[in-house]
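The exercises below are meant to be worked with the sequence and the coordinates side by side. Try each task before reading its solution.

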Amino acid sequence: MHRYNWLDEYLLAKPGVTKDYKLEWEWLRYHVGGKMFAAVMHPSGKYDAAYADKDILNLKCDPMFAELLRKEHVEIMPGFYMDKRTWNSVDLGGTLSDELLKMLCDDSYQLVFEKLKKKLKNEIAEGTHIL
């Protein structure tokens, strides 16, 4: 994942973002307003070969756009261990451009942020939300 060494800093720079590590799943998770919008993982060989032993980034995505992305980019697959309609998994070992990956991260953040309650969105936008 060294090609994407900027990813952690990029995700954490978004307003109101927190990060944790889910030990049972071995996932590094990114949240806004307590809701996950991104997760980095490395599924073991016991899982589907499409995901096994790869560095994967799960991102929320509009269902119609998710399908289009999967058709256009071999690195983008239905979300690992998530709702496959609304989540994509990106193989970070592929050749996806930094620009496209940043756009997908931004879209995921925005999709989750927009579903938050108005008061919480305002607190995050104003920087008054206590993390």
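Rings of Phe, Tyr and Trp, the last represented by its six-membered ring, count as a pair if their centres lie within 6.5 Å, and such a pair is called stacked when the planes are under 30 degrees apart, edge-to-face when they are over 60 degrees apart, and tilted otherwise. The structure to which this rule is applied here is a predicted model.

**Exercise 1. State how many aromatic pairs the rule gives, and classify the pair of Phe 37 and Tyr 109**.

Solution. Applying the rule gives a count of 7 aromatic pairs. Phe 37 belongs to strand β3 and Tyr 109 to helix α3, so the pair ties together parts that are 72 residues apart in sequence. As to accessibility, both Phe 37 and Tyr 109 are buried.

**Exercise 2. Classify the pair of Tyr 109 and Phe 113, and locate both residues**.

Solution. The centres of these two rings are 5.8 Å apart and their planes make 15°. Since under 30 degrees counts as stacked, the pair of Tyr 109 and Phe 113 is stacked. Both residues lie in helix α3, 4 residues apart, or about one turn of the helix, and both are buried. A further neighbour of Tyr 109 is Lys 14, which lies over the face of the ring at 5.6 Å from its centre.

**Exercise 3. Describe the sheet, and then say which of its strands helix α3 touches**.

Solution. Begin with the strand order, which is β1-β2-β3-β4-β6-β5 in an open sheet of 6 strands with antiparallel pairing. The edges are formed by β1 (17-22) and β5 (76-78), each of which pairs on one side only, and the twist from one strand to the next averages 25°. Helix α3 (residues 98-114) packs on this sheet, where it touches β1, β2, β3, β4, β5 and β6, and its direction makes about 45° with that of β4.

**Exercise 4. Find how many bridges join β3 to β4, and which residue is the bridge partner of Met 41**.

Solution. Strands β3 (residues 35-41) and β4 (residues 56-60) run antiparallel and are joined by 4 bridges. The bridge partner of Met 41 is Ile 56, in β4.

Technical notes: Residues are numbered from 1 along each chain as its sequence is written. This is a predicted model: local features need pLDDT of at least 70, side-chain atom pairs count only at pLDDT 80 or more; totals for chains, interfaces and linings use all residues. Side-chain values use heavy atoms; hydrogens and water are left out. Two strands pair if DSSP finds at least two bridges between them. Helices (H or I, at least four residues) and strands (E, at least two) are DSSP runs, numbered from the N terminus. Axes are lines fitted to C-alpha atoms, for helices over the stretch in contact, and angles run from 0 to 180 degrees between N-to-C directions. Contact means heavy atoms within 4.5 Å. Buried means under 20% relative accessible area, exposed over 50%, partly exposed in between (1.4 Å probe, protein chains only). A charge sits over a ring if NZ of Lys or CZ of Arg is within 6 Å of the ring centre and within 35 degrees of the ring normal.
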